[in-house]
Amino acid sequence: MDAFIRFTNQTQGRDRLFSSPHPERAVVAQWTKLGKSLPAPGGFRIGNVVHAVQATQQSIRAADLVPRVCLTLASLNRVIYFICDTVLFVRSTGLTSGINKEKWRRWAARCYYYSLLLNLVRDLYEVSLQMKQVAHDRAKREKSPFQDPLGYSVADEETEWLQSLLLLLFHSLKRHPPLFLDTVKNFCDILNPLDQLGIYKSNPGIIGLGGLVSSIAGIIIVAYPQMKLKTQ
């Protein structure tokens, strides 16, 4: 129940904005239209630039070099991305017509893509550390370091190497659920900017499925804060 209350608190402010019986219904209509037109999933949210700046400040303090660099650059790209969203907001309200909408959309998609890519690099780095730790623990549990070489071929060695790698990956993600959720979410999210930028074209069904899986992962992370991948 506590997790559900935390999750609803994240959205009730936005819902109150659009359901409030204010007389300025034209303004509310503009915001509703804006939410459907912006390129990012979830539309424009007040305070995202501030949150991205705060995330940048936190990532700079990360102890490990790779997460520090990746997360800092990712957060900076998110800051630029939300600035692009703000420009698109100004364009959508009709306050000015001199803004090239498609140009700013491409900039937003590009910054969003860079941010997700850097987060995926960080995820892969964390996965490699987990796999190394799992392999180390497994080696300590081995009773005998010797294997019987009889009947062992090169093909068997290649097959066993791949199986061992996949098994090691499975156990690494299994023992670290926040890392698994973060990796899945970033991978699913990056499908959309990859398609928009023409880097890798996907059909709408795959992009929609990725968005659904990402949304489910995001809900789990919001509902259960302990499932959020921490910056060390």
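Predicted model: local features only at pLDDT ≥ 70, side-chain atom pairs only at ≥ 80, totals over all residues.
Local features need pLDDT of at least 70 and side-chain atom pairs count only at pLDDT 80 or more, while totals for chains, interfaces and linings use all residues. Residues are numbered from 1 along each chain as its sequence is written, and side-chain values use heavy atoms, with hydrogens and water left out.

The protein chain contains nine helices and zero strands, in the order α-α-α-α-α-α-α-α-α along the sequence. Helices (H or I, at least four residues) and strands (E, at least two) are DSSP runs, numbered from the N terminus. Of the 232 residues, 31% are buried, that is, under 20% relative accessible area with a 1.4 Å probe, protein chains only. Contacts are defined by heavy atoms within 4.5 Å; among those between residues at least 6 apart in sequence, 75% join residues at least 24 apart. The chain exposes about 15300 Å², 62% of which is supplied by carbon and sulfur atoms.

Helix α5 covers residues 101-141. At 1.5 Å a residue, its 41 residues should span 60 Å, and the end C-alpha atoms are 60 Å apart, which agrees. The expected span is 1.5 Å times one less than the number of residues. The N-terminal end of α5 is capped by N100, with a side-chain oxygen 3.3 Å from the backbone nitrogen of E102.

D189 lies in helix α7 (residues 177-189). Its relative accessibility is 12%, so D189 counts as buried. Leaving aside neighbours within four places in sequence, D189 is in contact with Y112, L116 and S214. With S214, the side chains of the two residues make a polar contact at 2.5 Å. A polar contact is a pair of N or O atoms within 3.5 Å; within protein, one must be able to donate a hydrogen and the other to accept it, and residues adjacent in sequence count only if both atoms are side-chain atoms.

Technical notes. Buried < 20%, exposed > 50% of the residue type's maximum accessible area, 1.4 Å probe, protein only. Areas by Shrake-Rupley, 256 points an atom, 1.4 Å probe, with all protein chains shown as cover.
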